[in-house]
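Look through the sequence and the fold before reading on.

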Amino acid sequence: MRRLLVAFALFILAACARETAPTAPVFHEEGYPASLSAWNLMAAANGVLTLSPGVDPYDLATPLFTDYALKLRTVTLPGGTSGVYRDKDAFDFPVGTIISKTFYYPTANDGDAGGAWTGDVAIGPAPTVEGGAMPLQGLRLIETRLLVHRVEGWVAIPYRWNDEQTDAALHRTGATIPMTLHRPDGREEAFAYVMPNQNQCAGCHATNNTTRKISPIGLKARHLNKPSTFAAGFNQLDYWIMTGKLTGVPEDAQAAPGNADWTDESASLDARARAYLDVNCSHCHSDVGPADTSGLDLRPSVAFGPHYGACKTPVAAGGGSGGRPFDIVPGDPDASIFIYRMQTTKPGDMMPELGRSTTHEEGVALIAEWIRTMEGGCG
Amino acid sequence: MTIYLRAAILSALALAGCGRKQAQAPAAPTDASYQETLMTKLLDAKPGDVIDIPEGRFSFDRSLSLAVDGVTIRGAGMDKTILSFKDQIAGAEGLLVTASDFTIEDLAIEDAKGDGLKVNEGENIIIRRVRTEWTGEPKTENGAYGIYPVQTKNVLLESNVAIGASDAGIYVGQSQNVIVRYNRAEKNVAGIEIENTFDADVYENVATDNTGGILVFNMPNLSQPGARTRVFNNQAVANNRGNFGHPGTPVATIPAGSGVVINSNDQVEIFDNDIKDNKTANVIIASVFSSGLSQDGMSDDFDGYPEGIYVYGNRMGGGGKNPDGLDLQALKIAKFGPMGAIPDVLWDGYVDPAKQADGATPAALRVCVDNEGAEVINVDAPNGFKNPDMATETVRCALEKLPAIKLANGLGE
């Protein structure tokens, strides 16, 4: 019964949105359409970003840090299809699926340049998305990255939003965009926001460095198993099951793995730190990822020990060691390479290697606190 | 005391005295507009493509990457086609290749912020006549590796030049079936390093003015250990540069003045080389246990003992006169007098207690040095360096020689 009601509600919503929103999304089986609008996933007009019917927003318990950018994530399934649940890996979505991630910021110093965007950005909160619509006042859209499931596999296609904020243009070679970050305490930091090139998309999304097949990263049970931000009162996984987007879920969906929200102080420090390291690191630092060359494996299933960084000597870190002896020195964050690599913004030293030019100070504080509370040292 | 304890620190005076001839005119104009062109070519490459990069000096602010099998990248010469990453703001290497059947030749990669050229997993890799360099005086801030194939199979590195890396100029990691020949490595912390790799032939290279010339290492916690490396017909001469590696990295423990260093690797053959004038020791054979690494940080299955090491027929001399580190200095003076020298071969003395049979190391696992004119010292690291002693006669033995490496698919023929 509950499922029926939800479906009905969605139908009503979709019907209402149809007046102003673009029509149905368009799946392109090949090529790289020159503009984002060719996909009909979303439209920015009259100060509102409107998602097309069937373009469903979702979010993650703990997200990847990307220079404090806010992210609107959507998944669009071909009509009548659903994704198949997996316990550990990304859900199996059918050919024809489009995943989008739109990066945007609250602007700062509005009006300084006669209304033109100055590159000044602030640190979020994310605006509310209701009925597939997000108000754009005080926001600057930067880029939308698509992951498109074609017959030959997933393909990554990056689009950069135009100055008018009306559409985004294909930008396969990436870009650097000068910005100034305004931290909550008033500090201002100039940085280069780096939009990755298409190969660099694979740098994270080719999670198996042997097959090099691109796959979604965030669409895993442990990231999605949380209260829905977009359908109040529902667990996000339950909601997807109810709306037919997801099948094959074990009987006891409550037992599905779930990462902590890294900001949730009611969760254990260990759960928060591991959730953070999982989503920021484990797509490369796994047993088969591009960083399996390092011997450091930050998947949640790995026990705390040398492979999770405990007293582990760096292998090919170069300057990334920061002059410190081990990845994690229990009890001593200032002697731990983890903290250096998270703090530094030197391209050759920092982690992750791509996707940030600023320091996630709050993330560093979490991991430092986690290390500080450990007992031991390195013998 | 650990044998790798390093008093370290390079003499700024000595460094300032030796200016380096630039490989190209410093005033050559740098073209930044080529970045989009080359990035697009790399994105659009198809198997079988040759990407020709013309003569010129091209500047990049982000790293380059190639993810398509079967591509050749070709410049006009290592002093003519120069990819400069001096202005790089993003990316952990100059060029990252995640592909097989890859050839790169005749160009230079300069001043990358991280590694110069990294090939992460692939088969049939040829890197030849490529120069990776950090310009100016070598310094700690330089990138880690110049030429860096890792988890690769069937690999040929030849006639390359690697300068100024703060880790290794030429580094082959976790790979299999490798030939490294005719290369020149200078002014790096490690000149040439073979790590956790099976079946490598390293020959006719020149390693000079590095902290350590040629290294054959196994490190813990990695996807595979390594074994069966032959180092022959090389010149590992005067590798006396002060160690400018990043503290915390394994190479930062290499004493300045190390010619050829074997650490924890097995079945390593060192023969017919010129290994001279390396001021700590011409050859060092060591275990991870004397390298200052944390025992807590090693996976339990790691075998940190160098076994089946065979050193013979090398031309050695002029080494060991001014070892790096107070401990080795003290050892030298105590054992050989102020005018003396550490013998050509220094062995830390570790043997795996679990493998001893009737109080002796099984024949195939021995450290054998049978090198005319060379003396061996066992520094007795397992007993806290209490009784360093000459071991020339006790380690005089022979091992079965390793076969030559033959690369598959005609590489190197």
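Which residue in E6(A) is the bridge partner of A:Leu72? The partner is A:Thr102. The structure shown is a predicted model.

**Strands of chain A**

The bridge between A:Leu72 and A:Thr102 belongs to the pairing of E4(A) with strand E6 (residues 98–106) of chain A, which is antiparallel and has seven bridges. E4(A) also pairs with strand E3 (residues 55–58) of chain A; these two run antiparallel and are joined by four bridges. Here A:Tyr58 has A:Arg73 of E4(A) as its bridge partner. Strand E4 (residues 70–76) of chain A is largely enclosed by the rest of the structure, because five of its seven residues are buried.

**Backbone geometry**

A residue is counted as buried if 20 or more other C-beta atoms lie within 10 Å of its own.

In chain A, the peptide bond from A:Met351 to A:Pro352 is cis, with omega near -10 degrees. A:Pro352 lies in the loop between helix H6 (337–343) and helix H7 (361–372) of chain A.

**Contact between the chains**

How many residues of chain A are in contact with chain B? There are 44, and they touch 45 residues of chain B. On the side of chain A that touches chain B, strand E13 (188–195) and helix H2 (198–205) of chain A each supply at least two residues. H2(A) gives the most, with four residues. By class, this side of chain A has 17 nonpolar, 20 polar and seven charged residues.

**Confidence in chain A**

Chain A has a mean pLDDT of 90, and 92% of its residues reach 70 or more. Where in chain A is confidence lowest, and where is it highest? The lowest value is in helix H1 (residues 2–17) of chain A, at a mean of 42, and the highest is in H7(A), at 98. The pLDDT is below 50 over residues 1–21 of chain A. Beyond near neighbours in sequence, this stretch has 20 contacts in the model.

Definitions and conventions: Residues are numbered from 1 along each chain as its sequence is written. Chains are lettered from A and ligands numbered from 1 in the order in which they are written. This is a predicted model: local features need pLDDT of at least 70, side-chain atom pairs count only at pLDDT 80 or more; totals for chains, interfaces and linings use all residues. Two residues are in contact if their C-beta atoms, placed from the backbone, lie within 7 Å. Ala, Val, Leu, Ile, Met, Phe, Trp, Tyr, Cys and Pro count as nonpolar, Asp, Glu, Lys and Arg as charged, and the others, Gly among them, as polar. pLDDT is the predictor's confidence in each residue, from 0 to 100. A residue is buried if 20 or more other C-beta atoms lie within 10 Å of its own, exposed if 12 or fewer, and partly exposed in between; C-beta atoms are placed from the backbone. Two strands pair if DSSP finds at least two bridges between them.
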